[in-house]
Amino acid sequence: MLISVEIPESAEAARAGLQSGALPLGGGTHLMARLNDEAAGDLRLVSLRKAGLRGIHVEGATVVMGAATTLADLEDDARLGYLSRCVRSIASPPVRSLATVAGNLFVPQPYGDLAAALLALDAELDVLGAGGARREPLERIVTGGLPAGELVTGVRFTAPAPGTFRFHKASRRRLNSGSIVTVAARITVEDGLVGDVRLVLGGLGRRLIRATGAERVLLGAPLTAETVARAAEADVIEPVGDAYASAWYRARVYPVHLRRALLGA
Amino acid sequence: MPSTIVTLTLNGTERELIARPSTTLLNALRETFGLMGAKRGCAQGGCGSCTVLLDGRPAVSCLIPVVTVGGSTVDTIEGLADGDRLTDVQQAFVDHFATQCGFCTPGMIMSATALLDRNPDPTRQDVTEAICGNVCRCTGYEPIITAVLSAAERRRDAPQSPATAGL
């Protein structure tokens, strides 16, 4: 049961509102669905809708998105065309108009496809804690979570050079479905050899996976089907089974989707 | 936390309601304002039967605590027709038999209306994407897609009558 919703008008007021154990509410597309199930206990929320955390700023190659920027805002922004495929693979338009950038970082797998893309782009988070504002690598938050009472106020990353960002998602339906396998990668190829690569897997495990084993195989190697097949064997992945796909199926099709993500075929 | 007064511009008219923290926009529409067009289907944001326009964008009203959207503009299916005069999208749904049981229809029409307001010349793929969050268990979607494409065509031929004229 939802017993209170604060609607602060600044990030600092929102952070203060979290000190009593309340949870931040972005678009509510995950949290409110749980509440409607009546499965949750008493809950207090702090809505970020009016906290001034919505907006996209691009300066040179640096992109900064406010925490409460919606996925629809991303979809509309021509400067973020490289994220279009990812964003449009998430839920549906009436959900994307509510769902927020920061909210996507904290939804459980097999959702959180934007988080996979942002992790591949080595994003940093603007975090507001008791000691003030600081930056944290998204990777640290994905692994260790965010301390209670702290608030993500924004996400920043360096825009990928043209043609260096890959996103591929396999799902039960072509649109509006949780992930079976999501592959997000930033990869540069020079003279046929992989010069730089950062590879993130979503949908497979309980958390997003940074595929460092695959990255090592790919680095400096020719970007061929053979290399990608070896890369797909390089990480210990313990897939989960759910209503979208069994663990067996996820493990079985992961190499196929890694190949499609990196080679397009 | 006590109830609070929330103001909305609802179908073009400023309205107020007293809402508990747990009151969703969908509950407010149905129980306070008596607008029964938006339906409670899954209450998970998955079926789209509660879709309304929130500040011009389609949104699943079941997932929104109404206290968080005070000051917003909300448009529902009830605000579309001008008396007996249907909008082009509504008329196209009638003409192409795009409704059967009707449960999904209000949400479907709001998603379609939002699409055409932003993209007057949609492809079939655009229509499919626009309604991918609206589940229909009767029609098999084909008549709906045909209706939306037909409404777009009609609107291009008569651009003076947009679907949301009068909103």
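How many residues does the contact take from chain B and from chain A? The answer is 32 from chain B and 30 from chain A, with contact meaning heavy atoms within 4.5 Å. Keep in mind that this is a predicted model, where local features need pLDDT of at least 70, side-chain atom pairs count only at pLDDT 80 or more, and totals for chains, interfaces and linings use all residues. Residues are numbered from 1 along each chain as its sequence is written, chains are lettered from A and ligands numbered from 1 in the order written, and side-chain values use heavy atoms, leaving out hydrogens and water.

Let's start inside chain B. In chain B, β1 (residues 4-10) and β5 (residues 73-75) run parallel, joined by two bridges, and L10(B) sits opposite V74(B) in β5(B).

Now for the interface. About 2,500 Å² is buried between chain B and chain A, with carbon and sulfur atoms giving 56%; that is accessible area (1.4 Å probe) lost on putting the two parts together, summed over both. On the chain B side, L63(B), T68(B) and E129(B) lose the most area to chain A, together 23% of what that side buries.

There are also three salt bridges across this interface (a Lys or Arg side-chain nitrogen within 4 Å of an Asp or Glu carboxyl oxygen). R118(B) forms a salt bridge with D76(A), their closest N and O atoms 2.7 Å apart.

Conventions. Two strands pair if DSSP finds at least two bridges between them. Helices (H or I, at least four residues) and strands (E, at least two) are DSSP runs, numbered from the N terminus.
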